[in-house]
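This briefing walks through one protein chain for a reader who is new to structures. Please keep the sequence and the 3D view at hand while reading.

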Amino acid sequence: MDDKLLLDTFIKQVIEQGNYTELDRNYLYNRILNLVGEGVEKLTTTKNEIIDLKNELVEYAVQHGKVGETLNEQDCLGAELMNFITPLPSKVNQDFWQTYQQKSPEEAIQNFYDLSKRNDYIKTKAIAKNIYFPVETSYGQLEITINLSKPEKDPKQIALAKKMKASGYPLCQLCMENEGYQGRINYPARANHRIIRFNLDDKQWGFQYSPYAYFNEHCIFLDTIHEPMEITKQTFNNLLGIIEQFPGYFVGSNADLPIVGGSILTHEHYQGGRHTFAMEKAPIETELKFAGYEDIQAGIVKWPMSVIRLRGNSKEDLVDLADKILKTWRGYSDEQVSVLAESNGEKHHTITPIARKRDGQLELDLVLRDNQTSEQYPDVQHIKKENIGLIGVMGLAILPPRLKDELQEVEKYLLGQENKMEEYHQVWADDIKQKYSDIGQDNVGTIIQQELGRVFARVLEDAGVYKHDETGRMAFKRFVEEVGIVD
């Protein structure tokens with residue numbers, strides 16, 4: 001492949017993919033030269049894809065002192081370079097809604113998704129590094145991801161961040177003010193970030209994609225006002241309103257209490273996308289009829305957590321029933337199974353709701369959450385210590401990057417080879433050794449994957465309110481009777 005001048009090739013791609021023309025070539029040349037450093041105009045490349053070209057420009061800028069060596073500084077420059085192919089927010093929104101109304105919502109959504117990948121806001125190359133595999137369990141096919149896409153914090157970055165004054169702007173990473181934000185040592189680059197505005201029950205909301213997506217078209221719906229997460233009747237109304245405006249997507253909310261909530265509880269937001277999770281495939285285990293809502297199909301889902309599914313055609317009835325279940329659960333206690341609505345003035349109960357459209361009907365999964373901690377499965381902490389948020393609730397485990405290397409050492413241990421296995425994996429590894437008598441080089445990886453899936457299922461069971469035994473089933477029945485069911 002013939003070498004080409006790097007800067008000229010990048011500018012050619014900017015003109016082809018952005019809103020610039022040949023008349024803008026000199027302008028682009030000088031602006032990029034200023035960002036990257038003189039001398040880059042002599043550099044050659046064999047690359048053609050704009051993200052690869054951007055990476056080479058950033059590498060040159062680091063080598064020649066135009067940008068620091070920390071990953072955040074490099075990301076800030078990279079986002080600024082990709083901003084050259086990213087239309088202004090007003091143009092992105094205009095194009096989205098024009099396509100939405102004149103062609104189809106699906107095409108508008110697809111175009112915005114393609115832009116978010118093309119301009120490297122969605123880090124497709126980084127996401128491709130993640131380790132992913134499905135695992136068959138008694139609850140269906142759970143999914144495991146070892147997250148290698150998000151770079152670990154650079155020690156130099158941590159040191160520099162300590163010297164920086166607290167900014168307080170933007171207030172958080174979900175605020176609208178992130179759109180076009182340059183970024184800094186201790187805050188991600190957002191120069192190439194765009195948000196679609198839409199109306200949700202007479203309020204303005206935003207729609208964007210997640211930079212480090214965990215599943216197909218992983219997106220975020222966010223309130224334009226910085227307000228704390230709260231699960232209320234309005235939440236159910238919002239979720240069902242979103243799936244009506246964004247066809248083909250599911251949408252769900254993290255719970256609004258610590259421990260059972262997500263990582264950002266300070267800003268009202270939901271997560272969605274185009275992915276079928278194991279929870280959605282899970283069947284109804286016990287059918288229910290709620291008094292006064294006989295037209296709504298309902299039931300307890302066969303799932304490791306405690307889930308009530310509602311399905312029907314009436315949005316109003318679904319919202320009303322979901323609200324009734326929420327209010328009942330907020331104040332419900334059952335001391336026989338250590339279920340307490342509150343203790344020492346702290347409220348313990350809330351719901352993780354998920355909405356989708358299936359076979360033309362609206363569907364809500366309501367996952368009962370209780371933020372009291374349990375020591376039932378302390379041995380699973382070696383795999384994942386974080387809260388079980390929305391994505392985990394639905395059956396996708398997002399495991400820390402340390403496991404990539406640590407599991408290789410577990411493999412060596414199981415094969416009787418010299419290893420540096422962490423002590424906290426010892427009990428788990430010994431259990432596996434005892435369980436399988438035929439561990440060999442050909443199957444050790446598969447065995448570890450299967451056992452990871454079983455550990456994840458146990459984590460979900462422990463995060464569920466009602467256990468999967470006769471006592472738990474009877475206790476769950478007592479709760480739905482409290483809501484009001486038809487025998």
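The model is predicted. Its chain has 16 helices and 17 strands. The radius of gyration is 25 Å, close to the 23 Å that the globule rule gives for 487 residues, so the chain is as compact as a globular protein of that length.

**Overall build**

- The C-alpha trace spans about 80 × 65 × 45 Å along its principal axes.
- Of the 487 residues in the chain, 53% are buried.
- Taking contacts between residues at least 6 apart in sequence, 64% join residues at least 24 apart.
- The chain exposes about 23,100 Å², and carbon and sulfur atoms supply 46% of that area.

**Nonpolar cores**

- The largest nonpolar core has 61 residues, and those that touch the most other members are Phe207, Phe221, Phe290, Leu310 and Phe479.
- Helix H11 (residues 315-330) gives this core its largest share, seven residues.
- Phe207 is in contact with Phe96, Phe112, Ile195, Ile196, Phe198, Cys219, Ile220, Phe221, Phe246 and Tyr249, leaving aside its neighbours within four places in sequence.
- Another core, of 48 residues, lies apart from the largest one; among its members are Ile146, Phe215, Val307 and Val393.

**Salt bridges**

- Side chains of opposite charge can pair when their charged atoms come close.
- The structure holds 30 salt bridges.
- One of them joins Lys54 and Asp120, whose closest N and O atoms are 2.8 Å apart. Lys54 lies in helix H3 (residues 50-63), while Asp120 lies in the loop between helix H6 (105-118) and helix H7 (124-127), so the pair ties together parts that are 66 residues apart in sequence. Both Lys54 and Asp120 are buried.
- Arg358 forms a salt bridge with Glu363, with 2.7 Å between the closest N and O atoms. Both Arg358 and Glu363 are buried.
- Glu409 pairs with Lys412 in a salt bridge, the closest N and O atoms being 3.2 Å apart. Because Glu409 and Lys412 are three residues apart in helix H13 (residues 402-414), about one helical turn separates them.
- Glu409 has 17% relative accessibility, and because buried means under 20%, Glu409 counts as buried. Lys412 has a relative accessible area of 31% and is partly exposed.
- Salt bridges that share partners join Glu280, Arg309, Arg311, Arg356, Arg358, Glu363 and Asp365 into one network.

- Where in the chain does His267 lie? His267 is in the loop between strand E8 (250-252) and strand E9 (269-273).
- Is His267 buried or exposed? Its relative accessibility is 0%, so His267 counts as buried.
- A polar atom of the His267 side chain lies 2.7 Å from the backbone oxygen of Asp223.
- Leaving aside neighbours within four places in sequence, His267 is in contact with Cys172, Leu174, Cys175, Leu222, Asp223, Ile225, His226, Glu227, Pro228 and Met229.

Methods
Residues numbered from 1 in each chain as written. Predicted model: local features only at pLDDT ≥ 70, side-chain atom pairs only at ≥ 80, totals over all residues. Heavy atoms only, no water. Helix = DSSP H or I, 4+ residues; strand = E, 2+ residues; numbered from the N terminus. Buried < 20%, exposed > 50% of the residue type's maximum accessible area, 1.4 Å probe, protein only. Polar contact = N/O pair within 3.5 Å; in protein donor to acceptor, adjacent residues only side chain to side chain. Contact = heavy atoms within 4.5 Å. Salt bridge = Lys/Arg side-chain N within 4 Å of Asp/Glu carboxyl O. Core = buried A, V, L, I, M, F, W, Y, C linked by side-chain atoms within 4.5 Å. Rg over C-alpha atoms; globule rule 2.2 N^0.38 Å. Areas by Shrake-Rupley, 256 points an atom, 1.4 Å probe, with all protein chains shown as cover.
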